[in-house]
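Colleague: I am new to this one and would like to learn how to read it. Could you take me through it step by step?

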Amino acid sequence: MTIEKQNLRLEGIYPQRQKEFFMQRVKLPAGIISCEQALMVAQLAERFARGVAHLTTRGSIELHWLTEGDLAVVASQLAAVGLYNRGACGGAVRGVVCGSLGAAGAPALEALVRKMHRHFTGNPRFEKLPKKFKIGVEADASSGRHLIQDLGLLPAPSQDGRRRYDVFAAGGLGREPIPGFLLAEGVLEDSLLPLIETVLRLYEALTPAGKRLKHLVREIGREEFRRRVLEDQAVLEELPTVPSLTASLVPAPSAEADRLEAHVFGGELSGAGLAALAGIAREFCGGILMVTGDQNVVLHAAGEGAAERARQAMAQAGFAGKAVGERVIFRACPGNHECIMGLAPTRDIAASVLKEMGEAARELSWAISGCSNCCAQPQLAGAGIVASRLVTEVTGRNPRFDLYRAGSAPFAEVVQQGLTLQELLSAVREI
Ligand code: SF4
């Protein structure tokens, strides 16, 4: 391995909590992965990553437990099936997410996301940003996910038949959650790339290293930021989309019953499970799988009777959706199981919460993050848990938890702080 350690980040590689191991993030546009690619990831998970592929809330896949010697072979095997992870970590435009696959207008959104992903992945102009830069496209405002991106896009009404988007800017979670604000209304799809490039140039020029776009906007103010973006002549450029034979990869579901979802508790999917889903996708679902923002896998059945046969095959592969853990939405980041920043074992705590709640857990969506970076997006869940600090006690350094509940604000808010694990479990019982 000859790459400098800091440059590994640009290749989607982070050191793991366990010092001799690394994580490789696989960057997927709109969470879309072909069955051939998924099979390769499954094989790599079995061979190098202790048999697990971790699905993230941004529609990526992470392979943990790689040794330094594994990195080059894993990267080249991924590249052999067209999976390039440039910019999956570090100061670059991260994988562009599309939270709305399967919704009305999804093929257009998916094509837009893949275009943006192609444009920014490996583009050296945008690989030295102060910090990560996140872009997301949603079909509507219902999930609130457009508010947590550096740039979040929502389809806007159009009088002339040309596709337009409202652009929200400078949102983010973490220690200081701030909902994005409406930067520009009804931007032509053909002008989105010039607008995003203008925002990125301003961000790089004016923001200290290690700070997100929300920091710049707080410093100079929304109006000044908007003025600087929209008065830049570059945003007037149009880059018309040329029709393409592969505009949409995802089979359009003709009925709700054609949309199949494999629930993956906390995003921990076994290599064997991923391989089985890849086989089902190849046979019944147009060869395409989608990783969702809830860390699940969605397949769209294509063809007469395909949905029923795919459903049976999923049940045989262990995705029958019978256990509570298979039906509840419970997002979890790796926490201190693997992440260097983690303060608590997120998956174990999620399992304890589910045990406390039983079937009642299904009445809410849940998320747990192992530190205040909030990668599991707890502020967008019905009930969110964040390990916020460690406290030194006679038994060692133990985590304390903050509990969030959704209300009328854009983000769920803290309702109890500094809870021990036992206090947290009592608190969730009372929900
Ligand atoms: S929230 Fe913290 S512990 Fe969890 S993955 Fe993000 S940085 Fe790691």
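Colleague: Before we go on, how should I take the numbers?

Modeller: This is a predicted model, so local features need pLDDT of at least 70 and side-chain atom pairs count only at pLDDT 80 or more, while totals for chains, interfaces and linings use all residues. Residues are numbered from 1 along each chain as its sequence is written.

Colleague: Which residues other than glycine have a positive phi?

Modeller: Trp 65 is one of them, with phi near 65°, and Gln 377 is another, with phi near 55°. Trp 65 sits in strand 5 (residues 61–66), whereas Gln 377 belongs to the loop between strand 16 (366–369) and strand 17 (383–393).

Colleague: Are those two residues buried or exposed, or something in between?

Modeller: The general idea is to count neighbours: a residue is buried if 20 or more other C-beta atoms lie within 10 Å of its own, exposed if 12 or fewer, and partly exposed in between, with C-beta atoms placed from the backbone. Trp 65 counts as partly exposed because it has 18 C-beta neighbours inside 10 Å. Gln 377 has 24 other C-beta atoms within 10 Å, so Gln 377 is buried.

Colleague: Where do the buried residues of helix 5 lie as seen down its axis?

Modeller: First, the helix itself: helix 5 (residues 192–206) has 15 residues and reaches 21 Å from its first C-alpha to its last, close to the 21 Å expected. Leu 192, Leu 195, Ile 196, Val 199, Leu 200 and Tyr 203 are buried in helix 5. These residues fall within an arc of 135° seen down the helix axis, so they line one face of the helix. The arc is that of the directions from the helix axis to the C-beta atoms.

Colleague: And what do they pack against?

Modeller: Contact means that the C-beta atoms of two residues, placed from the backbone, lie within 7 Å. The partners of the buried residues of helix 5 include strand 8 (151–156), strand 9 (164–169), strand 10 (181–188), helix 6 (213–220) and helix 7 (222–230).

Colleague: Which residues does Leu 129 touch, beyond those up to four places away in sequence?

Modeller: Leu 129 touches Gly 91, Ala 92, Leu 200, Tyr 203 and Glu 204. Leu 129 is found in the loop between helix 4 and strand 7, and it is buried, with 21 other C-beta atoms within 10 Å.

Colleague: How is the chain divided into domains?

Modeller: Domain bounds come from an automatic or database domain assignment. Here that gives domain 1 (8–90 + 255–321), domain 2 (97–236) and domain 3 (330–429). The C-alpha centres of domain 1 and domain 3 lie 25 Å apart, and 13 residues of domain 1 are in contact with 14 residues of domain 3. On the side of domain 1 that touches domain 3, three residues are nonpolar, seven polar and three charged. For these classes, Ala, Val, Leu, Ile, Met, Phe, Trp, Tyr, Cys and Pro count as nonpolar, Asp, Glu, Lys and Arg as charged, and the others, Gly among them, as polar.

Colleague: Finally, which residues surround the ligand?

Modeller: A residue is near a molecule if its C-beta atom, placed from the backbone, lies within 6 Å of it. The residues around the ligand include Cys 333, Cys 339, Cys 371, Cys 374 and Cys 375, along with Pro 334, Met 341 and Asn 373. This shell divides into seven nonpolar, five polar and no charged residues.

Note on methods: Helix = DSSP H or I, 4+ residues; strand = E, 2+ residues; numbered from the N terminus. Expected span 1.5 Å × (residues − 1).
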